[in-house]
Amino acid sequence: MGRGRVELKRIENKINRQVTFSKRRNGLLKKAYELSVLCDAEVALIIFSNRGKLYEFGSSGMTKTLERYQQYCFTPQPQHNIPEHETQSWYQEIIKLKAKYEALERTQRHLLGDDLGPLNLKELQNLEKQLEGTLVLARQRKTQIMMEQMEDLRKKERQLGELNKQLKIKLDGEGQNLKTSQGLWSCCTTAENSHFPLHPSHPNPMECDHEPVLQIGYNHYMYHHHYVEAEGSSVPRSMAGETNFIHGWVI
């Protein structure tokens, strides 16, 4: 926050007064010099202390500036050809605008709850009515904005519903195509199985019926040069295998 407004009054303390004079005198002389340099202005500054000491600054010379000042003040200046009634009308317009500006500032302060002390009962009632009317208008505007937002949300909801229906229809069509493909695949598989019937498997391989098998030549696995005894006679194992093979064949 900025510093508060300082009341300007004479400094009673003599030392403080002298220090303040020195600081502000130097600052004023510096500002006069800067103004003359930056703005190319002719500046003259004269300061007398309370003791009568003179401090001065003249950008173009104090004497020259004083002569110019005297010439400007005591020499009649040319008057502009402006009608007096026009000047008066401008002055009145300025007064009206200033009064209107002050009234607007005062009304704004009243609406904010400031400076209500000078108002009488009637003015306070008018202010209350004005605030109530403003509050009603604000509520109406708020309700209108809320209704517009709700309508926008309903539109978005309807759009999302339509999009959901389209996606559902598309999904159902893809599911129906998948079911049709599976049905065609099942039919093809059934037809192939009907052309190539499968033999049922037996739970015990030893119970299977042996079918006669035609074999030419000796079985390498059964061929040995050892003899076995068959019904009291010595017969080679390979011969016994042939005998069993012949006995197993049915014509």
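In this predicted model, D40 sits in the loop that runs between helix α1, residues 14-38, and strand β1. The phi angle of D40 is near 55°, a positive value in a residue that is not glycine. Most residues other than glycine have a negative phi. With a relative accessible area of 71%, D40 is exposed, because that value is over the 50% mark used for this class.

S49 is buried, since its relative accessible area of 14% is under 20%. When residues up to four places away in sequence are not counted, S49 touches F21 and Y55.

Both S49 and F21 also belong to the lining of the second largest pocket, which includes L8, K9 and I11, then R17, Q18, T20 and R24, and finally N50. Sorted by class, this lining has 3 nonpolar, 4 polar and 3 charged residues. The space in the second largest pocket comes to about 230 Å³. Rolling a probe the size of a water molecule over the atoms shows where empty space is left.

Helix α3, which covers residues 84-111, contains H110, and L111 is placed in helix α3 as well. H110 is buried, because a relative accessible area of 13% falls under the 20% limit. L111, in turn, is partly exposed, with a relative accessible area of 37%. Apart from neighbours within four places in sequence, H110 is in contact with D115, L116, L119 and L127. Under the corresponding exclusion, the contacts of L111 are L127, Q130 and L131. The C-alpha atoms of H110 and L127 are separated by 7.8 Å, although these residues lie 17 residues apart along the chain. For L111 and Q130, which are 19 residues apart in sequence, the distance from C-alpha to C-alpha is 8.8 Å.

| Residue | Relative accessible area | Class |
|---|---|---|
| C39 | 52% | exposed |
| C73 | 41% | partly exposed |
| D40 | 71% | exposed |
| S49 | 14% | buried |
| H110 | 13% | buried |
| L111 | 37% | partly exposed |

How many disulfides does the structure hold? The number is 0. A disulfide is a covalent bond between the sulfur atoms of two cysteines.

Taken as a whole, the protein has 5 helices and 4 strands, and from the N terminus on its elements follow the order α-β-β-α-α-α-β-β-α. Of its 251 residues, 6% count as buried. Among the contacts between residues at least 6 apart in sequence, 22% join residues that are at least 24 apart.

The confidence of the prediction is also part of the picture. Across the protein the mean pLDDT is 76, and 68% of the residues reach 70 or more. Over residues 198-203 the pLDDT stays under 50, and for this stretch the model has 1 contact beyond four places in sequence. Residues 218-251 likewise have a pLDDT below 50, and this stretch has 27 contacts in the model beyond near neighbours in sequence. Where pLDDT is low, the predicted coordinates should not be read in detail.

Terms used. Residues are numbered from 1 along each chain as its sequence is written. This is a predicted model: local features need pLDDT of at least 70, side-chain atom pairs count only at pLDDT 80 or more; totals for chains, interfaces and linings use all residues. Side-chain values use heavy atoms; hydrogens and water are left out. On a 1 Å grid over the protein atoms alone, a cavity is a set of points where a 1.4 Å probe fits but cannot get out, and a pocket is an open set with protein on both sides within 12 Å along at least five of seven lines; lining residues have an atom within 4 Å of a point. Grid points are joined across faces, edges and corners, and a volume is the space filled by probe spheres set on the points. Ala, Val, Leu, Ile, Met, Phe, Trp, Tyr, Cys and Pro count as nonpolar, Asp, Glu, Lys and Arg as charged, and the others, Gly among them, as polar. pLDDT is the predictor's confidence in each residue, from 0 to 100. Contact means heavy atoms within 4.5 Å. A disulfide is a pair of cysteine sulfur atoms within 2.5 Å. Buried means under 20% relative accessible area, exposed over 50%, partly exposed in between (1.4 Å probe, protein chains only). Helices (H or I, at least four residues) and strands (E, at least two) are DSSP runs, numbered from the N terminus.
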